[in-house]
Amino acid sequence: MPMKKTGALILVAAGAALVSGCGSTGLFNHARPDEFAVQRQTPLVVPPDFALSPPKEGQPRPSDDSLQQQTLDALFGGPQARSDIEKSALSLAGPAEPSIRSTVGDPGTYTVAKGQVTRAILAAPEGDGQSAQTAIGG
């Protein structure tokens with residue numbers, strides 16, 4: 001029987017030691033950091049300009065345009081000077097017709113249907129071309 005009482009006493013003492021770490025006073029009491037003191041709170045400041053006018057109904061916010069332009073500049077680097085090759089290609093192409101978007105789908109517009117041929121070329125297996133064959137359609 002003394003062995004059971006000793007084992008129970010050790011178990012109770014170990015449990016008490018573990019639970020004492022959860023309280024504010026106990027064996028394992030140590031200084032914990034204050035979670036609200038991690039960052040200093042800046043004082044509230046009254047804005048200097050009280051002459052702000054309310055937005056007009058139906059008009060976009062004035063900051064949206066500049067934010068959109070800033071985003072485009074960040075993504076694409078803003079307007080850049082064209083290279084000589086680009087200028088040459090654009091001058092050879094000439095100006096675009098104003099109705100180009102409406103005439104692209106017109107049946108009178110000459111286009112090349114590349115559907116099946118392009119798919120067959122892209123689906124061809126890779127190789128060195130030694131076993132390639134050509135066929136001329138009649």
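I take helices (H or I, at least four residues) and strands (E, at least two) as DSSP runs, numbered from the N terminus. Phe76 lies in helix α2, residues 62-76.

**Model.** I am reading a predicted model, in which local features need pLDDT of at least 70, side-chain atom pairs count only at pLDDT 80 or more, and totals for chains, interfaces and linings use all residues. Residues are numbered from 1 along each chain as its sequence is written, and side-chain values use heavy atoms, with hydrogens and water left out.

**Confidence.** I looked up pLDDT, the predictor's confidence in each residue, from 0 to 100. The chain has a mean of 75, and 80% of its residues reach 70 or more. Among the elements, α3 has the highest mean pLDDT (90) and α2 the lowest (72).

**Elements.** I find five helices and zero strands in the chain. The order from the N terminus is α-α-α-α-α.

**Exposure.** I use buried for under 20% relative accessible area, exposed for over 50%, and partly exposed for in between (1.4 Å probe, protein chains only). Of the 138 residues in the chain, 1% are buried. Just after α3, I note Gly94 with a positive phi of about 80 degrees. The chain exposes about 14200 Å², and carbon and sulfur atoms supply 62% of that area. Areas come from the Shrake-Rupley method with a 1.4 Å probe; for residues, only the protein chains shown count as cover.

**Salt bridge.** I count a side-chain nitrogen of Lys or Arg within 4 Å of a carboxyl oxygen of Asp or Glu. Arg82 is partly exposed at 47%, and Glu86 is partly exposed at 36%.

**Patch.** I checked for patches, made of residues with over 30% relative accessible area and no salt bridge; like charges are joined within 9 Å, nonpolar side chains (Val, Leu, Ile, Met, Phe, Trp, Tyr) within 5 Å. Leu72, Leu75 and Phe76 make a nonpolar surface patch of about 350 Å². Phe76 is exposed, at 64%.
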